[in-house]
Amino acid sequence: MRRSGHADLPLHGGRVPAWLAERMTRLGTAISESVLLHYGPSELLSRLSDPFWFQALGCVMGMDWHSSGITTSVVGALKRGLNPRAQELGIYICGGRGRHSRKTPDELRAVAERTGLDGDALARTSRLTARIDNNAIADGFQIYLHAFVLTTGGEWAVIQQGLNDEAGLARRYHWHSATVRDFTCEPHSAIEGAPQGEIMNLVDSGAGAAQSALLEIGRQVPEITLRDLQLAMPKHHDARAENVDLKRLGAVLAVAYERDLSDFASLLLLEKLGPRTLQSLALVAEVVHGAPVRFRDPARFSFAHGGKDGHPFPVPLKTYDESLAVLRSALDAAKAGDREKLDGMRRLDQFVRAVEERHQPEADFDAIVRHERSISRDIGGRTVFDRPRVKSRQLDLF
């Protein structure tokens with residue numbers, strides 16, 4: 001048995017400004033809700049356990065494409081957005097960074113009281129995953145963030161991050177209860193492969209073997225333990241062409257800016273949308289509906305809403321808000337029984353992939369970055385370096 005993946009990220013300090021944090025909460029919640037409505041809670045946990053998908057999620061939400069701060073900000077945004085609706089959605093997020101991570105066992109027991117799960121078993125699982133990544137694996141990273149995502153059915157995912165000051169890196173570890181199987185067999189990743197068998201629930205009465213599996217990983221040599229899905233982000237701060245699949249980005253841009261394609265894309269969404277909003281929504285739709293293999297270049301998803309440090313371009317607040325409005329309107333209509341607009345996001349993703357396969361357009365990376373920066377002022381482009389428009393509270397990344 002092993003964890004589902006890990007990611008190595010350059011250390012990146014700074015703050016998440018309130019104007020972005022609030023939008024990240026709304027968009028992260030809407031994307032999670034879309035995945036839940038289309039695919040169910042198990043699929044959401046599976047995606048959160050994929051380091052590539054998690055990084056792409058942070059990028060599409062407007063965080064810096066390669067930084068370690070994505071972990072803290074995404075976990076915080078999802079906790080703020082999903083926990084108030086936990087009973088409705090069936091998803092609870094416990095823990096967080098620093099002192100919040102130490103509250104995880106108590107938060108899990110509180111959830112267990114409301115859901116009928118075994119809180120002590122959940123707290124034990126939380127401690128085991130943290131101790132394995134912090135103590136049993138001699139990789140030089142000290143855990144400072146631990147988040148435990150739990151469904152009302154007892155399935156769980158763990159996202160935690162460690163710090164290595166000497167290397168100037170953070171390492172994010174991902175766990176998913178779907179990988180806890182018969183630990184005497186060759187383990188596999190439930191993220192990349194097709195589902196096999198039933199999910200082992202560590203809060204079940206038959207959880208002894210699963211608990212032993214967690215201990216077994218601690219007895220393995222690090223080279224075996226770390227043989228999982230690995231994402232290694234470069235240290236350079238600017239997004240570059242080599243960080244992006246230009247054919248996939250080219251398909252998104254073709255759908256957004258070529259008149260016949262953009263008219264049809266708007267029709268799929270039952271909206272009359274401008275090209276810049278279509279570009280963002282096409283990338284959001286891929287985060288919701290895309291297959292795991294499509295997230296190997298997380299930087300591409302920064303072309304939805306930019307990055308707070310201005311790479312590849314400033315966060316376009318007007319476009320961000322328009323994208324949010326379309327997605328939230330679709331979700332509200334779906335809750336009222338009308339799924340047509342929400343299903344339009346799936347159709348948009350399928351359309352972009354069809355354009356990619358049939359026409360194979362390739363983006364001119366430098367040209368699109370120049371274009372985005374040229375229109376930035378008109379669409380509300382903003383970075384953390386801008387003079388604050390009003391005095392507002394900022395959220396620490398570290």
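The model is predicted. It holds zero disulfides.

**Helices α3 and α4**

- Helix α3 covers residues 51–60 and helix α4 covers residues 69–82; their axes come within 10 Å and cross at roughly 75 degrees.
- On the α3 side, the contact is made by F54, Q55, L57, G58 and C59, while α4 contributes I70, T71, V74, V75 and L78.
- Sorted by class, this contact has seven nonpolar residues, three polar residues and no charged residues.
- C59, one of the α3 residues in the contact, counts as buried, because its relative accessibility is 0%.

**Length and burial of helix α4**

- The 14 residues of α4 should span 20 Å at 1.5 Å a residue, and its end C-alpha atoms are 20 Å apart, which agrees.
- Twelve of the 14 residues of α4 are buried, so this helix is largely enclosed by the rest of the structure.
- The buried residues of α4 include G69, T72, S73, A77, K79, G81 and L82.
- I70, T71, V74, V75 and L78, which make the contact with α3, are also buried.

**Helix α13**

- Helix α13 covers residues 275–289; its 15 residues should span 21 Å at 1.5 Å a residue, and the end C-alpha atoms are 21 Å apart, in agreement.
- Of the 15 residues of α13, 14 are buried, so the helix is largely enclosed by the rest of the structure.

**D349 in helix α16**

- D349 lies in helix α16, which covers residues 340–359.
- With a relative accessible area of 2%, D349 is buried, because the cut-off for burial is under 20%.
- Not counting residues up to four places away in sequence, D349 touches A285, E286, H289 and G290.

**V149 in strand β4**

- V149 is found in strand β4, residues 142–151, and is buried, with a relative accessible area of 2%.
- Although V149 and L48 are 101 residues apart along the chain, their C-alpha atoms are separated by 9.0 Å.
- Leaving aside neighbours within four places in sequence, V149 is in contact with L45, L48, I91, Y92, I93, E155, W156, A157 and I159.

**A further cysteine**

- C94 is buried, with a relative accessible area of 2%.

Definitions and conventions: Residues numbered from 1 in each chain as written. Predicted model: local features only at pLDDT ≥ 70, side-chain atom pairs only at ≥ 80, totals over all residues. Heavy atoms only, no water. Helix = DSSP H or I, 4+ residues; strand = E, 2+ residues; numbered from the N terminus. Expected span 1.5 Å × (residues − 1). Buried < 20%, exposed > 50% of the residue type's maximum accessible area, 1.4 Å probe, protein only. Axes fitted to C-alpha atoms, helices over the stretch in contact; angles between N-to-C directions. Contact = heavy atoms within 4.5 Å. Nonpolar A, V, L, I, M, F, W, Y, C, P; charged D, E, K, R; others polar. Disulfide = S-S within 2.5 Å.
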